[in-house]
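This report describes one predicted protein model for a reader who meets it for the first time.

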Amino acid sequence: MTDYGHELLFGGFLTPDARQPEQVVARARLCEQAGLDLVTFQDHPYQPGFLDTWTLMSYLAAATSRIRLAGNVLNLPLRQPVVLARSVASLDLLSGGRVELGLGTGAFWDAIEANGGRRLTPGQSVDALDEAIRIIREVWAADRRGGVRVDGEHYRVVGAKRGPAPAHPVGIWVGAYKPRLLRLVGWTADGWLPSLSYLPNGPADLAGLNALVDEGAAAAGRDPAEVRRLLNVSGRFTGTGVGFLDGPPRQWVRELTDLVLEHGTSGFVLGTDDPASIQLFAQEVAPGVRELVAAERAGSTTPAVSLPPEPTGPAGDPTEPTGTAGPASGRRETVRAGGVAGLAVTPTPAPEVRHSDHRLWDESTRPVAPPAPAGHVYSPQAQAVGGHLVDVHDHLRRELGEIRDLLDQVRRGVVSAGDARGVLNRMTLRQNNWTLGAYCAAYCMLVTQHHGLEDDAIFPHLRRADPGLVPVIDRLEQEHVVIHEVVEGVDRALVALIGDPARLTGLQQAVDVLTDTLLSHLSYEERNIVEPLARYGFYPGQL
């Protein structure tokens with residue numbers, strides 16, 4: 001087992017689709033809002049269907065405030081090292097130290113040559129990368145005297161001026177798979193960034209490849225722990241585990257934790273453009289992995305903060321998590337290949353117990369969705385799509401349980417009101433603003449920021465797919481606005497409590513109203529759109 005002890009990073013790997021630039025920007029912002037550390041983009045300058053990666057990163061540096069940015073990985077044969085070094089340093093300075101340098105040797109040589117690059121053999125491309133990294137580091141070393149001089153076979157720099165220096169020690173992360181390049185990573189790079197899908201035997205290949213990186217580091221007199229190990233991953237969030245990174249978030253937590261502790265992987269970059277998957281990865285998987293790894297590093301057998309319970313079915317098989325702030329969530333039956341008639345997802349029932357007499361809407365006036373077509377067959381994918389809304393709602397229910405527990409801690413004097421407000425502001429309930437509709441909330445949040453995404457939003461899609469859903473969707477949107485005000489009310493009550501500790505009753509009342517309102521809303525939404533989502537999908541063409 002090898003844990004190099006690095007701080008964990010979690011990121012997104014988005015498609016720089018030139019046909020939908022607003023959507024790319026919105027998804028990057030979602031990565032930041034959901035709490036990811038990093039957002040990355042592939043770099044194929046010869047691909048006219050993609051936005052230029054460096055231009056996109058520069059735009060996003062201004063459109064975001066916290067998240068780090070990196071190419072995954074930049075195409076060295078079409079990017080001159082001195083200019084690249086200055087570009088990276090400049091953007092790092094402008095963004096407040098939020099740029100990392102993912103770098104690759106190039107692979108599609110016909111396209112590279114067609115666009116003005118030189119065709120290189122595999123050996124030559126490794127040598128060129130070695131020379132480029134030396135040049136880049138020399139340009140960044142602005143405190144040294146004299147110009148940059150590297151007389152290489154592929155890059156020749158004769159007295160280039162140094163600088164500017166980046167705002168922080170930029171990591172040079174190299175995408176590598178072959179032995180010689182892996183040794184070079186250990187010799188000179190700051191990180192190794194492969195894609196799991198390119199490893200023939202999956203995680204089983206990591207040990208041997210890591211050994212080559214370690215070998216290169218040792219040959220250079222470096223501690224192998226100086227080289228961060230990152231990994232591009234992909235998978236599916238489903239209610240029942242099927243395979244590696246193909247199951248519920250809790251399964252992902254265990255499997256990624258194993259990669260940290262056994263192979264030293266400290267950065268996980270999820271390849272997806274799906275808003276719900278981004279949210280689950282950021283808000284369920286990343287915190288869970290951090291907790292388990294922190295506990296292991298501290299010598300503890302259990303995390304300091306317990307993970308959501310993992311219930312079991314009658315035969316002991318894991319089932320999807322249930323909400324802690326309300327009644328048990330809907331169960332999902334196992335769906336075999338080929339599909340079944342009838343939806344195997346049960347919406348979460350409305351809460352039977354109310355905590356407050358305060359009612360913000362009349363539940364009896366809620367419209368009801370049209371009935372499902374008799375005998376409709378739902379494929380396994382359709383079942384998963386329908387169940388996904390329940391999965392994300394479960395996360396919101398758990399957060400609501402955490403808020404109620406937080407209030408109890410404030411009452412007992414364990415947590416201050418100021419600290420409680422900070423916790424609330426980091427929660428999804430707060431970050432999602434008025435859009436508390438789970439998967440649809442991700443899209444609706446993007447719509448509020450970028451009106452150009454309306455055609456890709458869930459509610460407009462469902463309106464077009466089934467006009468009978470329009471009254472339900474209108475009501476859901478109205479309730480979203482009400483819930484936003486309720487969340488703001490909890491925040492105001494916390495502020496009042498900071499100024500006057502005697503106002504605890506007001507905070508309790510605000511949290512009780514939030515509990516009743518949110519649980520009622522989530523149940524109503526599931527009862528009315530889980531089944532339509534299983535027929536129409538979250539976006540056109542999904543099913």
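Leu-406 has its place in helix H10; helices (H or I, at least four residues) and strands (E, at least two) are DSSP runs, numbered from the N terminus. With a relative accessible area of 12%, Leu-406 is buried, a term that means under 20% relative accessible area, whereas exposed means over 50% and partly exposed lies in between (1.4 Å probe, protein chains only). From C-alpha to C-alpha, Leu-406 and Ala-417 are 9.4 Å apart in space, and they are 11 residues apart in sequence.

The model is predicted: local features need pLDDT of at least 70, side-chain atom pairs count only at pLDDT 80 or more, and totals for chains, interfaces and linings use all residues. Residues are numbered from 1 along each chain as its sequence is written, and side-chain values use heavy atoms, with hydrogens and water left out.

## The chain as a whole

The secondary structure of the chain comes to 16 helices and 15 strands. Of the 543 residues in the chain, 55% are buried. Contact means heavy atoms within 4.5 Å. Among contacts between residues at least 6 apart in sequence, 73% join residues at least 24 apart.

## Cavities

The structure holds two cavities of 30 Å³ or more. On a 1 Å grid over the protein atoms alone, a cavity is a set of points where a 1.4 Å probe fits but cannot get out, and lining residues have an atom within 4 Å of a point. Grid points are joined across faces, edges and corners, and a volume is the space filled by probe spheres set on the points. For the classes in the table, Ala, Val, Leu, Ile, Met, Phe, Trp, Tyr, Cys and Pro count as nonpolar, Asp, Glu, Lys and Arg as charged, and the others, Gly among them, as polar.

| Cavity | Volume | Lining by class |
|---|---|---|
| Largest cavity | about 80 Å³ | 10 nonpolar, no polar and no charged residues |
| Second largest cavity | about 60 Å³ | two nonpolar, three polar and four charged residues |

Two or more lining residues come from each of helix H10 (380-411), helix H11 (417-426), helix H15 (470-499) and helix H16 (504-536). H10 gives the largest share, four residues.

Around the second largest cavity, the lining consists of Arg-354, His-358, Arg-359, Leu-360, Trp-361, Glu-363, Asp-516, Thr-517 and Ser-520.

Two strands pair if DSSP finds at least two bridges between them.

Strand S1 (residues 9-14) pairs with S2 in the parallel sense over four bridges, and Gly-12 stands opposite Val-39 in S2. Between S1 and S2 the chain passes through helix H1 (residues 21-34), and this β-α-β crossover is right-handed. A crossover is right-handed if, with the strands pointing away from the viewer, the path from the first strand over the helix to the second runs clockwise.

S2 also pairs with strand S3 (residues 68-71) in the parallel sense over four bridges. Here Thr-40 stands opposite Ala-70 in S3. S2, helix H2 (residues 53-63) and S3 form a right-handed β-α-β unit.

Most residues other than glycine have a negative phi, and most peptide bonds are trans. A cis peptide bond, with omega about 0 degrees, joins Asn-72 and Val-73; Val-73 is found in the loop between S3 and strand S4 (74-75). The peptide bond from Gly-163 to Pro-164 is also cis, with omega near 0 degrees, and Pro-164 has its place in the loop between strand S7 (156-160) and strand S8 (172-174).

Leu-245 is not a glycine, yet has a positive phi of about 50 degrees. Leu-245 lies in the loop between strand S11 (236-237) and strand S12 (246-247) and is buried, with a relative accessible area of 0%.

Leu-245 is one of the residues that Gln-251 touches, not counting residues up to four places away in sequence; the others are Gly-241, Val-242, Gly-243, Phe-244 and Asp-246. Gln-251 is found in helix H8 (residues 249-263) and counts as buried because its relative accessibility is 9%.

Notes: 1 Å grid on protein atoms, 1.4 Å probe; cavity = no way out; pocket = protein on both sides within 12 Å on 5 of 7 lines; lining within 4 Å.
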